[in-house]
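Here is a short briefing on one protein model. Look over the sequence and the structure first, then read the points below.

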Amino acid sequence: MKDSESGDRLGSYLRARRELVSPAQAGLPPGGNRRVPGLRREEVALLAGISPDYYLRLERGRDKNPSPQVLESLARVLQLDDIERAYLLGLAAARPRAPRRKRPEHVPARVHELLTHLQIPAFVEGRAFDVLASNPMAVALSPRLRPGQNRLRSLLLDPEEQVFHQDWAKATADFIAALRITIGDDTDNPRFVELVGELALSSQRFRTLWARHDVRSLDGGTTTVHHPVVGELRLHRDKLPIDDVILVVYYPDKDSDSDEKLRLLAALSLTESASTAHDRPADTPHPKTL
């Protein structure tokens, strides 16, 4: 990951956030002939009550142990919200750690069983947004929710996924900001390195948003999607941690228009499954017996 290769994650974060705060937002006159976006280093230092030289050392990675008071002042000047502030404090608190033993993400058998009983779209995702398991309703909602797919890759690179989301720009911003929090200090994780490298090469949208260093929680929420068959669906999303994986469920308000459409989608999915089974030659073994 480019911003972590030098080990200067704190400096990279400060630089990125400084560029996003305008002089007007900070209560400063805009001035003329500004050659940098956002605030200048000396302006951040002045507003935070620290010396310009000390702030320069922070951005260049020469001082990686600022006091909590200094960080709180910088968070105020950079107008960080609670999640961004906690992330900043975490960057400064990070210490060298022993290499982590990498183990494959595993979906417990009881979760596979749970998926078969849920009548709403539900799937299991890993830390890098890999789809590890899903139920038929999830696949009926979106083929990109089949096991083996990656939700962020699909969101950025699949044209159908762009049409699927009513607010694709917000969805991409949220996912990328959530990925940065998920990675945390696990920057040498091969899966994260692979995914970030792939998307940095293939998606300008990813490169732009990744450079902003946004951080955001992506837990519960409500989203609107455009299904190609049943039309617009307004769905709530909940994420439930189970062991090392996340169970994600989508559901509508009861007796709403989206609830009716989701029931229709379930009926159509069952009909399609039955038709597929009927068309299978008699001497063709059922997939479950393979």
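**Helix packing in a predicted model**

H2 passes H4 in a right-handed crossing. A crossing is right-handed if the near helix is turned clockwise from the far one by less than a right angle, and left-handed if anticlockwise. Helices here are DSSP runs (H or I, at least four residues), strands are E runs of at least two, and both are numbered from the N terminus. This is a predicted model: local features need pLDDT of at least 70, side-chain atom pairs count only at pLDDT 80 or more, and totals for chains, interfaces and linings use all residues. Residues are numbered from 1 along each chain as its sequence is written, and side-chain values use heavy atoms, with hydrogens and water left out.

**H2 against H4**

- Two packed helices are described by the angle between their axes and the distance between the axes.
- For H2 (residues 41–48) and H4 (residues 68–77), the angle is about 115° and the axes are 9 Å apart.
- Axes are lines fitted to C-alpha atoms, for helices over the stretch in contact, and angles run from 0 to 180 degrees between N-to-C directions.
- H2 brings Val44, Leu47 and Ala48 to the contact, and H4 brings Ser73, Leu74, Arg76 and Val77. Contact means heavy atoms within 4.5 Å.
- By class, this contact has five nonpolar residues, one polar and one charged. Nonpolar covers Ala, Val, Leu, Ile, Met, Phe, Trp, Tyr, Cys and Pro; charged covers Asp, Glu, Lys and Arg; the others, Gly among them, are polar.

**More on H2**

- Glu43, Val44, Ala45 and Ala48 are the buried residues of H2. Buried means under 20% relative accessible area, exposed over 50%, and partly exposed in between (1.4 Å probe, protein chains only).
- These buried residues pack against H1, H3 and H4.

**H4 against H5**

- H4 also passes H5 in a right-handed crossing.
- The axes of H4 and H5 come within 10 Å and cross at roughly 145°.
- Leu71, Glu72 and Ala75 of H4 meet Arg85, Leu88, Leu89 and Ala92 of H5.
- That contact divides into five nonpolar residues, no polar and two charged.

**The nonpolar cores**

- In soluble globular proteins, nonpolar side chains tend to be buried together.
- Which members of the largest nonpolar core touch the most other members? Of its 24 residues, they are Tyr13, Leu14, Val44, Ile50, Tyr55, Leu74 and Leu88.
- A nonpolar core is a set of buried Ala, Val, Leu, Ile, Met, Phe, Trp, Tyr and Cys residues joined through side-chain atoms within 4.5 Å.
- Leaving out residues up to four places away in sequence, Tyr55 touches Leu14, Arg18, Arg41, Val44, Ala45, Ile50 and Leu74.

**Ser22 in a loop**

- Ser22 is found in the loop between H1 and H2.
- Is Ser22 buried or partly exposed? Ser22 counts as partly exposed because its relative accessibility is 26%.
- Ser22 touches Gly38 and Leu39, not counting residues up to four places away in sequence.
- Ser22 and Gly38 are 16 residues apart along the chain, yet their C-alpha atoms are separated by 4.4 Å.

**The whole chain**

- The protein chain has 13 helices and five strands.
- Of its 290 residues, 43% are buried.
- Among contacts between residues at least 6 apart in sequence, 54% join residues at least 24 apart.
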